[in-house]
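Welcome! Try each task before reading its solution.

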Amino acid sequence: MTTQSNPSAWQPGVTGGGTLPSGPGGRTAAPGGDGHGPAAGPPTVTLGAYPDYPSAQRVVDYLADNRFPVERTAIVGTDLTLVETVLGRLTTARAALIGAGTGAWLGLFIGLLFGIFTVGNWLAVLLVGLVIGAVWGAVFGGVAHAMTGGKRDFTSASSLRANQYAVTVEADVAEQARQLVGRLHLGGRQAQPAT
């Protein structure tokens with residue numbers, strides 16, 4: 001059995017021409033531009049590249065102080081790196097202690113809510129909520145850590161860091177921004193425009 005191929009029909013991996021298959025919402029339109037999704041907005045110009053976020057933030061703050069329309073700027077971090085800083089060893093006992101602290105805060109909050117509507121001793125309601133929250137938090141924290149089977153015996157904090165921060169501005173106001181940034185000195189040196 002042979003089937004005829006329809007050259008105008010959509011084919012995966014083939015660029016240009018053809019129509020896209022219909023989806024649950026009906027026929028879809030082909031993506032515009034380079035085929036990688038919708039356009040990102042108006043064209044932008046890079047004013048400068050800075051080694052740290054506070055320097056880039058200082059530039060945008062300076063523009064704002066000089067009545068520049070900062071809603072037309074962006075700080076773009078490039079070469080992102082995920083850094084996970086290990087804070088310490090995590091045992092079941094420590095996990096239970098952390099859980100108790102978290103549970104105590106939740107119990108205190110619930111105790112406050114119930115305490116508002118209590119006719120009697122609201123302080124007792126507050127303390128009972130705190131104790132019950134701490135006990136259940138410790139139980140859940142200890143059990144959750146024990147169930148990992150020793151696969152994550154440390155605590156950590158994650159953060160994203162960029163190697164460089166670029167300040168971009170919409171192209172039609174770029175000249176005004178360049179003139180303002182030209183007057184700004186960062187740490188005794190002139191802001192370096194991007195090339």
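A residue is called buried under 20% relative accessible area, exposed over 50%, and partly exposed in between (1.4 Å probe, protein chains only). This is a predicted model, in which local features need pLDDT of at least 70 and side-chain atom pairs count only at pLDDT 80 or more, while totals for chains, interfaces and linings use all residues. Residues are numbered from 1 along each chain as its sequence is written, and side-chain values use heavy atoms, with hydrogens and water left out.

**Exercise 1. Find the elements of the protein chain and give their order.**

Step 1: Helices (H or I, at least four residues) and strands (E, at least two) are DSSP runs, numbered from the N terminus. The protein chain has four helices and five strands.

Step 2: Read along the sequence, these elements give the pattern β-α-β-α-α-β-α-β-β.

Step 3: Of the 195 residues of the protein chain, 23% count as buried.

**Exercise 2. Describe the open sheet and the helix that packs on it.**

Step 1: Two strands pair if DSSP finds at least two bridges between them. The open sheet holds three strands in the order 1-3-2, and their pairing is antiparallel.

Step 2: Strand 1 (44-50) and strand 2 (73-89) are at the edges; each has a single partner strand, so one side of each lacks a neighbour in the sheet.

Step 3: From one strand to the next, the twist averages 30 degrees. Axes are lines fitted to C-alpha atoms, for helices over the stretch in contact, and angles run from 0 to 180 degrees between N-to-C directions.

Step 4: Strand 1 and strand 3 (residues 154-170) run antiparallel and are joined by six bridges. A49 has A166 in strand 3 as its bridge partner.

Step 5: Helix 4 (residues 174-182) packs on the sheet and touches strand 1 and strand 3, its direction making about 20 degrees with that of strand 1. Contact here means heavy atoms within 4.5 Å.

**Exercise 3. Trace the salt bridges. How many are found in the whole structure?**

Step 1: A salt bridge is a side-chain nitrogen of Lys or Arg within 4 Å of a carboxyl oxygen of Asp or Glu. The search of the whole structure finds four.

Step 2: R72 pairs with D172, their closest N and O atoms being 2.5 Å apart. R72 is in the loop between helix 1 and strand 2 and D172 in the loop between strand 3 and helix 4, 100 residues apart. R72, E170 and D172 form a network of salt bridges.

Step 3: R152 pairs with E84, with closest N and O atoms 2.8 Å apart. R152 lies in the loop between helix 3 and strand 3 and E84 in strand 2, so this pair ties together parts 68 residues apart in sequence.

Step 4: R178 pairs with E175, the closest N and O atoms being 3.7 Å apart. These two are three residues apart in helix 4, so about one helical turn separates R178 and E175.
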